[in-house]
Amino acid sequence: MTQRLYEATRIRGLSVRDIRFPTSLRLDGSDAIHHDPDYSCAYVVLFTNAGLKGHGLTFTVGRGNELVVAAVKSLAHLVVGKELKDLLGHSMATIWRSLTSESQLRWVGPEKGVIHLAVAAIINALWDLWARQEQKPLWKLLVDMEPEDLVETIDFRYITDVLTKVEAVQMLKDMRKGKEEREAFMLSNGYPAYTTAAGWLGYSEEKVKTLCQQYMSQGYRHFKIKVGHNLEDDKKRCAAVRSVLGDEMTLMLDANQNWDVDEAIEWMKELACYRPHWIEEPTSPDDVLGHARIAKELSPLGIGVATGEMCQNRVMFKQFLQAKALTYCNIDAARVGGVSEVLSIYLMCKKFNVPVCPHAGGVGLCEMVHHLQVWDYISVTGTTEGRLVEFANILAEHFKTPAIIRNSHYMPHRTPGYSVEMHDKSLQAYEFPYGPAWKELYKQGGKYKDPATAKCPLLERPNQDTTR
Ligand SMILES: C[C@H](O)[C@@H](O)[C@@H](O)[C@H](O)C(=O)O
Ligand SMILES: [Mg+2]
C-alpha cells in the first residue's frame, strides 16, 4: 500500500457538468426500449490543493442527466475539504459508505437509481485521482495492491453471507502465482472484445449487414445485435446477420428488458435456430426469479442469459448469482457505486464461477471497463475463457486516452488514471444546454429545441394559475 497519501493534500473543490451528445440523430445506440438515446454523462472533476485532479463520470442516455448532476451536487460536501488520506487507500470503503448511507440522502436510494449513479461518478473520480497520484493506470494500481489492501477498499455490508473479507483475501492470494506472466500476456495480446456497433435496432438491415462485414474484416469474431421489438423483424435480421457471419462467428442478442418472462422464453425459442450465444436483458433488470426461469428454460437450447448493465447494486448481483439467474454478468463500470462496488461483484462472480462480460459503449465505458477486466484476468480469475468485453467505437474522439483496440482486443492503457478525462473542447462544445454544439442544433430547427423557448406548464406558485 502506498505511503504517498499526502496528509497535506485535500480536495479543494468538485465540479460536475451535464455533457450530452446528439447520438439519436443517427439512431446510434438504439434498442427495443431506448429508441432515441442521446449518449450523455455527468462529468465530475475533483480538484486538489496540490494541483492533481481526478476525473470520473457516469453514463445516461439524455434527459435525466441533469438529475444525476443535481445528485452529485448534493453529495459533494462529503468529499470536498477532505484530505486524501481520509478518502483513498484503506479509507475508500469508509468514504464509499458515507456517500451511500448519508442519513437523509439515502432515502432517495438507497444504493439505487439516480443517487447511486451520482455516487459512481464521484467514486470513479477518486479512483482516477488515486491512480494518477501513483502514476499508474487503474488496472495496474489494482494488480499491484496487496490482497489485504484491496479488500479494504470494498464495503462488504450485505454480502458477507456469500463472501467475507477473509475469503476474498484468500481468493486473491491463491491467484498470486503466475501474475507476472499474465500481466505480460495482457500487455502483448490484450483482452478479447465483441462489437455491438453493427446491430443497433434503428439501423436498416442493409446497414447492419455492411457493418458486420466491415467489423469482420477488422478481425471481430463476436457480434451483438438488438432484438425484442417485433418477432418477424428479428427473424429477418438474425437470418441476414447469420448470412454474413456464417456458422463460426458468435452472435449475441439483446432485448433491453422488453419482454415478460413467458414472452422471453417463447420469443427466444423462435430465434434459437440462429444459434444465439446469449440473450441479454430479456426482462426487467430487477426480476431475479424471472431471469432464473428464463435461464433454466433456455439452457437446453444452448442459450445463456446475460444481464447487469442496469443492475442496481451488489445485493441484486448476489441474488442473481445465488438464484443461478445469470450465465454471464454484464457489469457496467459507471453504474452500481463505481469501482469499489464493482470489485466486490467481480469477486462474487469468481466465487459462483460466472464469467464477467462487461457492458461498454456509451460515454467512456469502453475507456474504463478494460481496466477492471484486465485486473480480473491478472489477479482474480486468470482466464479469458468464456469472457468478452463489449466494444462500440462511438465518441472515442472526445477522450484524451481512448480505448485502444488491436485486432479486436482491448490493449491495456499505460497512461496513469482511469482513462475518462475528456478534451476541454469537447466538454465546452457539448455541455448541455448551451454549449456551441447544442446552440447550433437549436439553430438548425430540427428535433432539438432551446429549452428556454420550450413551453412547459409548470407554475412557480399555485396561485399563479390563471387558467382556472
Ligand atoms: C441505450 C444503450 O445504447 C443500450 O442499448 C446499450 O447500452 C446496450 O444495452 C448494450 O448492451 O450495449
Ligand atoms: Mg445491453
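Lys324 sits in the loop between α12 (314-322) and β9 (328-329); helices (H or I, at least four residues) and strands (E, at least two) are DSSP runs numbered from the N terminus. This is a predicted model, in which local features need pLDDT of at least 70, side-chain atom pairs count only at pLDDT 80 or more, and totals for chains, interfaces and linings use all residues. Residues are numbered from 1 along each chain as its sequence is written, while chains are lettered from A and ligands numbered from 1 in the order in which they are written.

Burial here counts other C-beta atoms, placed from the backbone, within 10 Å of a residue's own: 20 or more means buried, 12 or fewer exposed, and in between partly exposed.

| Residue | Phi | Other C-beta atoms within 10 Å | Class |
|---|---|---|---|
| Lys324 | near 55° | 16 | partly exposed |
| Ser419 | near 65° | 26 | buried |

Most residues other than glycine have a negative phi, and most peptide bonds are trans. On the peptide side, a cis bond joins Gly109 and Pro110, with omega about -20°. Pro110 belongs to the loop between α2 (92-100) and α3. Another cis bond runs from Phe432 to Pro433, with omega near 5°, and Pro433 lies in the loop between α15 (424-430) and α16 (436-444).

The largest nonpolar core has 144 residues, and Ala42, Val44, Val72, Ala118 and Ile122 have the most contacts inside it. Such a core is a set of buried Ala, Val, Leu, Ile, Met, Phe, Trp, Tyr and Cys residues joined through C-beta atoms within 7 Å. Helix α3 (residues 113-133) gives the largest share of this core, 14 residues. Beyond its neighbours within four places in sequence, Val72 is in contact (C-beta atoms, placed from the backbone, within 7 Å) with Val16, Ala42, Val44, Ala118, Ala121 and Ile122.

Strand β1 (residues 11-20) is largely enclosed by the rest of the structure, because seven of its 10 residues are buried. β1 pairs with strand β2 (residues 40-48) in the antiparallel sense over nine bridges, where pairing requires that DSSP find at least two bridges. Gly13 stands opposite Phe47 in β2.

Finally, the ligand. Of the 13 residues around ligand 1, Gly29, Asp31, His34, Pro37 and Gly361 come nearest; a residue counts as near if its C-beta atom, placed from the backbone, lies within 6 Å of the molecule.

Technical notes:
Contact = placed C-beta atoms within 7 Å.
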